[in-house]
Amino acid sequence: MLAELSNVSKSYLQDKVPGKKGEVIPEVRVLDNISLSIAETDTIAIVGPSGSGKSTLLNLIGCLDRPDAGQVIINGSDTRDLSDNALSALRNRFIGFVFQMHHLLPQLSIIDNVLLPVLPGTDPAAAHDSRDHAMALLEKAGIAGHYRKHPYRLSVGECQRAAVVRALINRPRLVLADEPTGSLDAANAAVLGDMLLRLTDAESAALIVVTHSSELASRMDKIYRLGAGKLTPVKA
């Protein structure tokens with residue numbers, strides 16, 4: 001398995017929330033004893049209402065947060081045993097992230113934005129290989145002709161395509177996408193969804209998508225619904 005969650009729970013403190021008898025409820029459990037296995041080349045959609053904890057779950061899988069209870073194993077490593085620096089290194093080499101907003105740096109060209117995750121500890125030979133890889137991915141994404149441009153000269157859809165390429169630049173084995181089509185119109189959302197599936201497949205990466213889009217979710221091999229802290233399979 002690429003990743004495995006076992007009996008994972010996560011709560012957040014809530015101030016001044018009245019309980020049934022007027023007492024203060026100190027926390028709300030958004031994830032309650034959740035287990036999930038992620039195999040190589042899996043494509044998984046996580047759906048559910050806003051505020052149900054979908055992004056929280058993605059953050060735990062992506063080692064951006066730690067659970068209150070349970071075990072998160074990524075690439076054979078129990079994340080409970082890893083320091084913050086070790087978690088950062090694991091994220092950089094093993095996981096790619098795509099968010100609802102592209103978060104490209106406006107002062108950098110598209111190619112330099114794509115290559116940002118490569119910078120830590122890169123030797124010249126690896127940097128050259130990464131640039132070739134970046135240009136190949138940009139070509140597959142249909143935006144290679146824009147590689148020298150800055151983000152403000154591209155459409156939102158083109159910037160989001162560049163963000164997908166950036167997520168894949170380190171050849172991750174797992175890509176996590178949080179509402180990747182949420183800021184796009186229907187036509188651009190369809191293009192991005194197709195590209196995300198096509199490129200992750202070509203790069204032999206598993207894909208987990210948090211989405212409100214039933215169309216995008218339907219294209220995944222597996223669908224889970226998150227609600228009331230529980231993860232329920234819809235299509236498995």
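**Entry 1: helices and strands**

I counted seven helices and ten strands in the protein chain. Helices here are DSSP runs of H or I with at least four residues, strands are runs of E with at least two, and both are numbered from the N terminus. I then checked the radius of gyration, which is 19 Å, close to the 18 Å that the globule rule gives for 236 residues, so the chain is as compact as a globular protein of that length. That radius is taken over C-alpha atoms, and the globule rule is 2.2 Å times the number of residues to the power 0.38.

A note to myself on the source: this is a predicted model, where local features need pLDDT of at least 70 and side-chain atom pairs count only at pLDDT 80 or more, while totals for chains, interfaces and linings use all residues. Residues are numbered from 1 along each chain as its sequence is written, and side-chain values use heavy atoms, leaving out hydrogens and water.

**Entry 2: the whole chain**

Along the principal axes, the C-alpha atoms fill a box of roughly 65 × 40 × 35 Å. I looked up burial next: 46% of the 236 residues count as buried. Buried means under 20% relative accessible area, exposed means over 50%, and partly exposed lies in between (1.4 Å probe, protein chains only). The chain exposes about 11500 Å², and carbon and sulfur atoms supply 51% of that area. These areas come from the Shrake-Rupley method with a 1.4 Å probe, and for residues only the protein chains shown count as cover.

I also looked at contacts, meaning heavy atoms within 4.5 Å. Among contacts between residues at least 6 apart in sequence, 70% join residues at least 24 apart.

**Entry 3: helix H1 and the residue after it**

How many of the eight residues of H1 are buried? I found six, so this helix (residues 54–61) is largely enclosed by the rest of the structure. The buried ones are Lys54, Thr56, Leu57, Leu58, Leu60 and Ile61.

Just after H1 comes Cys63, in the loop between H1 and E4. Cys63 has a positive phi of about 60° although it is not a glycine. I noted this because most residues other than glycine have a negative phi. Ser204 gave me another case, with a positive phi near 55°; Ser204 sits in the loop between helix H6 (186–202) and strand E8 (206–210).

**Entry 4: helix H2, two sides**

In H2 (residues 84–94), I found Leu87, Leu90, Arg91 and Phe94 buried. Seen down the axis of H2, these buried residues fall within an arc of 100°, so they line one face of the helix. The arc is that of the directions from the helix axis to the C-beta atoms.

What do the buried residues of H2 pack against? I traced them to strand E4 (69–74), strand E6 (95–98) and strand E7 (174–178). On the other side of H2, Asn85 and Arg93 are exposed. Leaving out residues up to four places away in sequence, Arg93 touches Asn170, Arg171 and Pro172.

Thr43 is in strand E3 (residues 43–47), and I have it as buried at 10% relative accessibility. A polar atom of its side chain lies 2.8 Å from the backbone nitrogen of Asp221. Beyond four places in sequence, Thr43 is in contact with Leu197, Leu207, Met220, Asp221 and Lys222.

Leu226 belongs to strand E9 (residues 222–227). Is Leu226 buried or exposed? Leu226 is buried, with a relative accessible area of 0%. Not counting residues up to four places away, I listed several that Leu226 touches, including Leu31, Ile34, Ile46, Pro49 and Leu231. Leu226 and Ser50 are 176 residues apart in sequence, yet 10.0 Å apart in space, C-alpha to C-alpha.

**Entry 5: cysteines**

How many disulfides does a search of the whole structure find? I got zero. A disulfide is a covalent bond between the sulfur atoms of two cysteines, and the search takes a pair of cysteine sulfur atoms within 2.5 Å. I did check two cysteines for burial: Cys63 is buried at 5% relative accessible area, and Cys159 counts as buried at 2%.

Key. Polar contact = N/O pair within 3.5 Å; in protein donor to acceptor, adjacent residues only side chain to side chain.
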